[in-house]
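Open the model in your viewer and get your selection tool ready.

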Amino acid sequence: MRIHPLKVARVVVSVLVLALLLVAFLLPSASVSWTAVGARVQFLPALITMVLAGGGLSGIAWVVILVVTALVGRVYCSSLCPLGTVQDLLIRGVRGRSGYGYRRRMVARPSPLLGARVIAVVSIVLLAIGAPILVNVLGPYRVFGMLAKDFAVPLVALLSHGAYFVLRPLGIFVAPLVVPVDGVLFVVAFAAAGGLVTLSAVGGRLFCNALCPVGGVLSLPASRSIVRVAIDEDRCIRCGACEHICKAGCIDSDAKSVDSARCVACFNCLSVCPVDAIHYRYARDGENRRSDAAGSGRGLTRRRFLGRLGSSTLAVFPVSFLIRRRTGRVDGTPSGARLRPASPPGSRSVERFTSLCVSCHLCVTRCPTQVLQPSLAEYGLRGIMQPTMDYAVGFCEYECNECSTVCPTGAISPISLEEKQQTQIGQAHFIRERCVVVTNGTACGACAEVCPTHAVYMVPYEGHLTIPETDMDVCVGCGNCEFACPVEPEKAIVVSGNEIHRPRVVKETDGVPEIVDPEPTEEFPF
Amino acid sequence: MSITRREFLRRMGMVTVGASVGLAFPGLGFAQQRTEAPPDLVAVRGGAPDVMFDRGIAAFGGMRRFVAPGDTVVVKPNMSWNVDPERGATTDPDLVKRIVEHCVDARARRVYLLDHTLDNARLAFGRNGMNDAADAGGATVVPANSGRYYHEVEVGSARNLTQVRVHELVLEADVLINVPILKHHGSARITSALKNLMGLVWDRRYYHSHGLNQCIADFPLVRAPDLNVVDAYRVMMSGGPRGSSYATKLELKRMQIISPDIVAADVAAAKTWGIEPNDVPYIGMAAAHGLGIYELESLGIERITV
């Protein structure tokens with residue numbers, strides 16, 4: 001049996017997009033950040049970029065996807081969506097080439113497409129009022145990002161550490177991928193992966209039609225698409241082969257109909273018909289369409305849907321809240337003000353950032369110094385999982401603007417390196433009574449050593465000792481100082497984020513500092 | 001075969017004449033051999049860093065005095081900062097390249113550049129010129145930012161740094177060449193040969209919280225460098241160790257100090273910078289450990305002007 005060329009095409013495209021995104025998430029080198037283009041063609045990030053982040057045409061992808069879907073169905077779901085490709089791989093792994101035996105089951109318990117549409121509406125309304133929380137939990141690109149970053153990256157890191165044992169005896173030194181292992185996030189990702197495997201094993205693309213907000217949105221134009229998978233009623237012999245192989249549970253071979261609202265355009269069915277009665281073609285409105293009234297009003301389905309929604313969100317919330325992941329963050333500055341979280345440079349304000357970020361964690365994986373880490377309670381409940389600057393884990397490299405170049409929603413707007421170096425995202429507060437110089441009477445200066453803008457510098461203290469002093473006008477909030485401070489568990493210098501980012505005072509000139517060239521002399525100083 | 005009496009007397013005569021001449025005029029006939037001991041410290045001034053090194057190392061008798069054929073050499077420059085070399089915060093890359101070339105000429109098997117950087121290593125090594133220096137000279141840059149390569153050692157006679165996680169190359173290499181850049185340091189007063197070794201450990205915070213000066217002085221007990229080359233060509237006089245373009249002044253001292261004695265090198269470096277060695281606590285502490293000679297007057301110093 002030949003494989004239909006459309007199926008070949010969508011497999012090639014989907015593998016390509018998945019590979020691009022995996023490279024963007026897994027390889028640390030800056031030279032591959034162009035692979036983040038795979039994120040720019042995703043529906044929700046593009047929507048956010050254009051409509052909410054003012055990104056203009058860089059967020060055009062969602063419009064294109066909507067138009068294409070209205071014309072030819074949900075091809076996005078099988079070719080561009082990385083979670084779709086992951087599910088296809090899981091389905092292949094779990095089910096092999098055998099189908100789903102949906103023949104009886106689908107009629108009795110159709111997948112609750114209404115549920116996905118409700119989720120879609122609620123997600124978008126919440127997004128519009130600045131709370132992308134449902135997108136952060138169920139958005140397919142975000143879920144993929146979570147699997148990539150909290151699951152695949154630690155595994156790759158483990159492999160790269162294993163490479164040490166192979167390469168060291170050969171005298172080859174490598175820089176193993178260093179990933180701060182977060183037990184909570186790994187467990188959450190593991191649970192999500194388990195959930196996805198279960199959903200795929202039980203019902204194929206069940207996530208896409210029951211939970212996915214993008215699926216809910218696209219099901220509307222797809223239900224009336226001009227080109228779709230359709231059965232020639234004259235030729236069909238109701239053998240059920242297409243229904244059996246269908247991943248989305250959208251074919252009813254008894255009724256000889258295909259529900260294009262649920263169809264994810266994988267084209268697997270096109271190859272299996274023994275009488276060549278199923279094609280991807282122009283179909284008149286009304287022909288071959290199954291009403292999707294089934295699925296509403298059936299108690300069994302609604303309960304199952306709510307159960308699935310509940311279990312996936314439950315997996316994320318309480319576990320994260322109960323365990324305080326970070327140590328060393330102080331609860332107050334000397335003035336008594338509470339430490340505020342800092343959002344990455346380019347986000348312009350914490351408010352703006354938390355209303356646009358979908359927590360895909362692409363920035364987290366690409367950050368070369370790993371200062372960007374998913375938040376738990378720092379941004380409050382609605383901002384869970386959105387990245388924040390964690391100065392216990394890393395610092396913001398002065399000569400880097402990588403995160404702003406890869407963010408697919410514009411939450412971190414593209415910012416030039418020069419502009420980033422003049423933006424103050426937070427301020428460092430020196431807590432004198434904790435400083436080693438004061439408590440131990442020994443020299444330190446770790447903070448001043450690493451400050452890139454001379455916002456922290458050493459001044460004479462007692463004897464030969466020097467002690468830090470700060471100039472907040474020039475501070476950029478990079479956290480180099482806090483990261484370097486050796487005092488545990490609460491550091492002697494801490495950075496508090498600015499609610500709204502502001503320009504810092506720039507005192508340095510461009511280029512080289514003042515140079516003194518003394519007269520040449522024959523004298524030696526010793 | 002037997003020898004005739006005449007031939008025997010002739011040969012004895014030649015030997016006697018030759019030995020007398022050789023003893024009377026030591027430089028004649030044995031021109032390649034130095035009869036005086038190599039200097040304890042060489043100070044060079046007035047040229048570019050790589051040229052000064054050529055002259056300086058020749059005064060010791062060449063790099064082969066320190067590197068034997070087949071040796072593994074670790075060169076420890078200061079390449080910690082993601083800044084241009086003209087900022088005076090990192091060792092001059094031409095000097096590093098030249099040192100690597102000398103090691104390669106001495107038939108070292110492998111030459112490594114090693115530094116556990118403060119800034120992001122991947123970015124720093126490109127910007128401060130060390131990647132290019134390594135490629136041009138024939139060395140391998142070691143990525144030192146993974147804890148896997150560091151092993152804990154006990155430091156018995158240390159006062160504060162009683163155990164430390166140090167990079168395994170430091171323990172395994174045949175030769176360790178320390179190539180600091182001399183500059184102002186906000187808390188340690190100046191940074192030179194002794195302070196530069198801080199880039200060989202995994203946990204810098206231990207030094208800062210357990211008495212910075214004493215830990216700096218303790219470290220050479222783990223391994224003292226076989227040779228120290230202090231780059232004092234472009235010296236940061238304020239705002240160190242990172243420097244900023246408005247709070248920093250650089251001075252072109254055009255000097256270089258070379259010595260196997262790390263204490264003597266830093267005493268000379270302190271005087272070059274313009275501070276009394278007494279005012280740099282870690283130098284005296286290192287001398288107290290017996291790591292080198294503090295009084296320069298008791299050393300054989302060769303001074304070279306290019």
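Predicted model: local features only at pLDDT ≥ 70, side-chain atom pairs only at ≥ 80, totals over all residues.

**Stop one: a pair of helices**

Select helix α1 (residues 5-26) of chain A and helix α6 (residues 82-95) of chain A: their axes come within 9 Å and cross at roughly 110°. Angles of 65 to 115 degrees count as roughly perpendicular, so that is how α1(A) and α6(A) lie to each other. The crossing of these two helices, α1(A) and α6(A), is left-handed.

Now show side chains where the helices touch. On α1(A), pick Arg10(A), Ser14(A), Val15(A), Leu18(A) and Leu21(A). Facing them in the contact, α6(A) supplies Pro82(A), Thr85(A), Val86(A), Asp88(A) and Leu89(A). Colour the contact of α1(A) with α6(A) by class and you get 6 nonpolar, 2 polar and 2 charged residues.

**Stop two: the largest cavity**

Next, turn to the empty space. Rolling a probe the size of a water molecule over the atoms shows where empty space is left. How many cavities of 30 Å³ or more are there? The count comes to 11, and the largest cavity holds about 150 Å³ of space.

To find the largest cavity, select Asn78(B), Leu118(B), Lys195(B), Asn196(B) and Arg204(B), the closest to its centre of the 17 residues that line it. Coloured by class, the lining of the largest cavity shows 4 nonpolar, 7 polar and 6 charged residues.

Methods:
Residues numbered from 1 in each chain as written. Chains lettered and ligands numbered in written order. Heavy atoms only, no water. Axes fitted to C-alpha atoms, helices over the stretch in contact; angles between N-to-C directions. Helix = DSSP H or I, 4+ residues; strand = E, 2+ residues; numbered from the N terminus. Parallel < 35°, antiparallel > 145°, perpendicular 65-115°, else oblique. Left-handed = near helix turned anticlockwise from the far one by under 90°. Contact = heavy atoms within 4.5 Å. Nonpolar A, V, L, I, M, F, W, Y, C, P; charged D, E, K, R; others polar. 1 Å grid on protein atoms, 1.4 Å probe; cavity = no way out; pocket = protein on both sides within 12 Å on 5 of 7 lines; lining within 4 Å. Points joined across faces, edges and corners; volume = space filled by probe spheres on them.
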